[in-house]
Amino acid sequence: MQNIKITDVRALPGDSAFLIDDGKTAILYDSGFAFTGYAVADKIKACLSERSLDYIFLTHSHYDHALGSVYALKYWPNAKVVAGSYAAKIFAKDSAKAVMRELDNKFAANNSVFCYEDLIDNLKVDIPVSDGDKIQAGDMEFTVIDLPGHTKCSVGYYCEKHKLLLGCETIGVYDGEGGVVPSYLVGYQMALDSIARVEKLDIENILVAHYGLLNREQTKTYLKVARSSAQQTALEIVERLKAGMPKEKIIEFFKDKFYHGYIKTVYPIDAIELNTGITIDLLERELL
C-alpha cells in the first residue's frame, strides 16, 4: 500500500476517526463523537497543515462514528460527506438525532465533559451511496460495499488498487490481540453474509473501526476469527437461551468472554450491555 498514510486522529479510544492521505487527497474515515469533534478536527489540522480535508467517509449512522463529521465541516466546509443512502435517511430524522444527542451527552458526562457546542442538527450526507457505487477521491478509487448486520446502513469502502478495505463493525470489533467481538445488531445471517463478501475480496489490509490499520497477517487472521467468533458466540448464546438462562446472565457471560483489555477502552459499559441485549433478542428471533 504505497503512498498512502493512515493516521489515528481519535481524541479518545472510544472514538472512531482515522485520516487517509496520499499527499493529494485527504479522507476522514469515520469521525467520532460530537463532544470530541473539535479535538479530532484539531488533530486532522495538525496532519494537513494548510491543506484541505476533501472527504468524510462514514461507515454507519451510530453516534460514535458519525457526529464528529459536523465539527470537521466547521473547519473544512467544502469536504464532502459520504455515507450509505439508508444512513442519509436516518440523519434526516429528528428522532434519530435526538437519540444520538442523548447517547453522546451521556458518554461525554462519563468523561467529565458537561458542556460543549451542539451541532448535531447539522448532520448531513452530501453523497449518499449504494452497493457498487464508485467514489473517485483524487487518485484513489473506492467501491462501496453494503455490509449490513451491525446496522442496516453499514457499508465498507474497497480500494482495489491498494487492496485496502475500509471496514465496518459488522465484521466485528478487533480486540488488539487477535480476537474479534461479534457485533451483529440487526441480522446474524446478514452479518455472516457480509463477512463472506469481504473474504472474497482481494485484500491485503483492513482499516478497522475503533482500532486502526491491520497488516497483512493480522488481516488474514481477523477475517478467520471474525467468522468463527460470530458463529461460536451465537451458538453459546442460543444454548443458554434454550437452557432458560435469564437475559441478564447471558449479558454477563458475553462481558466475561469479551469485555477486557483493549475492548474496555473503546466500548462504554452501558453500550456493550445495551448492544448485547439487542444481540440476544436478535438471536432468539432468528435461530430459535
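Colleague: Which residues line the largest cavity?

Modeller: First, a caution: this is a predicted model, where local features need pLDDT of at least 70, side-chain atom pairs count only at pLDDT 80 or more, and totals for chains, interfaces and linings use all residues. Residues are numbered from 1 along each chain as its sequence is written, and side-chain values use heavy atoms, leaving out hydrogens and water. On a 1 Å grid over the protein atoms alone, a cavity is a set of points where a 1.4 Å probe fits but cannot get out, and lining residues have an atom within 4 Å of a point. The largest cavity is lined by Pro182, Ser183, Tyr184, Leu185, Phe254, Tyr267, Asn275, Thr276 and Thr279.

Colleague: Which helix gives the most to the lining of the largest cavity?

Modeller: Helices here are DSSP runs (H or I, at least four residues), numbered from the N terminus. With three residues, the top contributor to this lining is helix α10 (residues 269–287).

Colleague: Are α7 and α8 roughly parallel or roughly antiparallel to each other?

Modeller: The axes, lines fitted to C-alpha atoms over the stretch in contact, have angles that run from 0 to 180 degrees between N-to-C directions. Those of helix α7 (residues 216–242) and helix α8 (residues 247–258) come within 10 Å and cross at roughly 150°. Angles under 35 degrees count as roughly parallel, over 145 as roughly antiparallel, 65 to 115 as roughly perpendicular and the rest as oblique. The pair α7 and α8 is therefore roughly antiparallel.

Colleague: Which residues in α8 does α7 meet?

Modeller: Contact means heavy atoms within 4.5 Å. From α7, Ser229, Gln232, Thr233, Glu236, Ile237, Arg240 and Leu241 take part, and in α8 they meet Ile250, Phe253, Phe254, Lys257 and Phe258.

Notes
On a 1 Å grid over the protein atoms alone, a cavity is a set of points where a 1.4 Å probe fits but cannot get out, and a pocket is an open set with protein on both sides within 12 Å along at least five of seven lines; lining residues have an atom within 4 Å of a point. Helices (H or I, at least four residues) and strands (E, at least two) are DSSP runs, numbered from the N terminus.
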